[in-house]
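Take a moment with the sequence and the 3D view before reading on.

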Amino acid sequence: MKNTANDYVIRILDSPLAISAGAWNTLLAAQSPNGILNPFMRHEYLAALHASGSATPATGWTPCFVTLWQGDTLAGACPLYLKAHSYGEYVFDWAWANAYQQHGLDYYPKALVAVPFTPVPGARLLARNTAERLLLVKALVAWCEAEKLSSLHLLFADDEDVKACEQAGLMLRHTVQFHWTGPDAGCVDFDDFLMSLNQEKRKKIRQERRKVADAGISFRWSLGRDISQADWDFFYRCYERTYLEHGNAPYLSRDFFRRMQSTMPENWLLFVAEHDQLPIATSLIAVSAHPYCANTQIDEDYQEMQEASRPVQGMTAYGRYWGALARVDCLHFEACYYQPLEWCIAHGFDKFEGGAQGEHKMARALLPVKTTSAHWLAHPSFSDAIERFLEREGAGIDHYMSELERRNPFKLSPLQGPLPPADHE
């Protein structure tokens, strides 16, 4: 597809491997004011999903990456997949697919702009500027029309993506996630963090942590290349078992995590729970890393940060994968929330994202955050019906957010000013 007025060419590529990693990651860095790469949109991550067989036509994810070129320069790009199902997306449209089927229409294949199996908000439309981002959206819709696809869905978009999608006439849909944002400057450790919570929540967290400690469980963590081969192997054993216990095969293969270990180790933090010095559970956390440490240990980044006595703005940790070989009361909360939060506070991180859904996360000081997806449907009548549905659903989400905000676990919302003097149990 060619736009002669601006000398742009749109190319659809059948693999992320057909795109230069350097060109893709340079565009990705441009979407962040501090240049920090979202780990899940890195070329290495998307390439590993493809090369490992985790997100391929065989699993219902056919890559059709859309790229915008100006001469030999990559001006824009996005990860587009043709989907034969709606698994692994976390923005649920099964009811839409059923409605199509009931009317004798095909909903699949549909077009999806997203990171497979990864409900993490961030830039999806990589572009050098606003005009090129809008051009990318319009090219997506034009391609879907030309291919006679039922629909286009852009999931967990950032603010700039949302603006471009709105301008191009796409419909918006909202869901709720739960994120922790960094404490005030006076909070230096987990105990200080606990004192910012109301008494009920603080007491509950201490009780849950005590149960794990009283069961004889201890934790150790490893970062980047310090994660040993044995620990990676043990992690996958736990991860796979947890999926199988729920009756499903894991989305991600062992080969995918081998590629993570090899190509972007600086983005991974592993917690291992041990009992009598034997590992029994793991929690794998993704972490932000600066582009300049992409081929070195991330510990060097933190060392430089600490020597300079300054925090690095925009550093985020992402709760991702967990698994256990033994059942211990409250072990999941300790491994997936309290250990990562304690680590984030100690290392000056600004945010910890807890993933999709889960009101129970509020009791662990993760607050509700609205996330946004954008949708286009080719069939006019279905598009009108879904637009009306999204208006009703959106009002329900607003009401839900208001209810959640009234259950704020903090003594005083961080947005409302300094905390009052701490009370003591």
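**Rings, burial and a core**

Tyr108 counts as partly exposed, at 25% relative accessibility. In this briefing, buried means under 20% relative accessible area, exposed means over 50%, and partly exposed is in between (1.4 Å probe, protein chains only). This is a predicted model: local features need pLDDT of at least 70, side-chain atom pairs count only at pLDDT 80 or more, and totals for chains, interfaces and linings use all residues. Residues are numbered from 1 along each chain as its sequence is written, and side-chain values use heavy atoms, with hydrogens and water left out.

**The chain as a whole**

- The secondary structure comes to 12 helices and 16 strands; helices (H or I, at least four residues) and strands (E, at least two) are DSSP runs, numbered from the N terminus.
- Of the 425 residues in the chain, 54% are buried.
- Contact means heavy atoms within 4.5 Å. Take the contacts between residues at least 6 apart in sequence: 76% of them join residues at least 24 apart.

**Aromatic pairs**

- Rings of Phe, Tyr and Trp (its six-membered ring) pair if their centres lie within 6.5 Å; planes under 30 degrees apart count as stacked, over 60 as edge-to-face and the rest as tilted.
- By this rule, the count is 31 aromatic pairs.
- One of them is the edge-to-face pair of Tyr45 and Phe256, with 5.4 Å centre to centre and 90° between the planes.
- Tyr45 lies in helix H2 (residues 43–51) and Phe256 in helix H9 (residues 254–263), so this pair ties together parts that are 211 residues apart in sequence.
- Tyr45 is buried, at a relative accessible area of 0%, and Phe256 is buried at 0% relative accessibility.
- Tyr107 and Tyr108 form an edge-to-face pair because their ring centres are 5.2 Å apart and their planes are at 80°. Tyr107 is buried, at 3% relative accessibility.

**Charges over rings**

- A charge sits over a ring if NZ of Lys or CZ of Arg is within 6 Å of the ring centre and within 35 degrees of the ring normal.
- Lys83 lies over the face of Trp61, 3.9 Å from the ring centre.
- Arg320 lies over the face of Phe40, at 5.4 Å from the ring centre.

- A nonpolar core is a set of buried Ala, Val, Leu, Ile, Met, Phe, Trp, Tyr and Cys residues joined through side-chain atoms within 4.5 Å.
- In soluble globular proteins, nonpolar side chains tend to be buried together.
- Which residues have the most contacts inside the largest nonpolar core? They are Tyr45, Leu49, Phe235, Phe257, Trp268 and Tyr321, in a core of 47 residues.
- A second, separate core has 34 residues, including Phe178, Ile205, Leu269 and Ile285.
- Helix H2 is mostly covered, with 7 of its 9 residues buried. Among them are Tyr45, Leu46 and Leu49.
- After H2 comes Gly53, whose phi is positive, near 85°.

**Trp24 in helix H1**

- Trp24 lies in helix H1 (residues 21–30) and is buried, at 1% relative accessibility.
- Leaving aside neighbours within four places in sequence, Trp24 is in contact with several residues, including Met41, Leu46, Phe65 and Cys78.
- Trp24 and Cys78 are 54 residues apart along the chain, and their C-alpha atoms are separated by 9.3 Å.
- A polar atom of the Trp24 side chain lies 2.8 Å from the backbone oxygen of Met41.

**Two residues of helix H8**

- Tyr236 has its place in helix H8 (residues 229–245) and is buried, at 9% relative accessibility.
- Not counting residues up to four places away in sequence, Tyr236 touches Pro250, Leu252, Ser253, Arg254 and Phe257.
- The backbone nitrogen of Arg254 lies 3.4 Å from a polar atom of the Tyr236 side chain.
- Thr242 is also found in helix H8 and is buried, at 15% relative accessibility.
- Leaving aside neighbours within four places in sequence, Thr242 is in contact with Trp322, Gly323 and Ala324.

Terms used
Polar contact = N/O pair within 3.5 Å; in protein donor to acceptor, adjacent residues only side chain to side chain.
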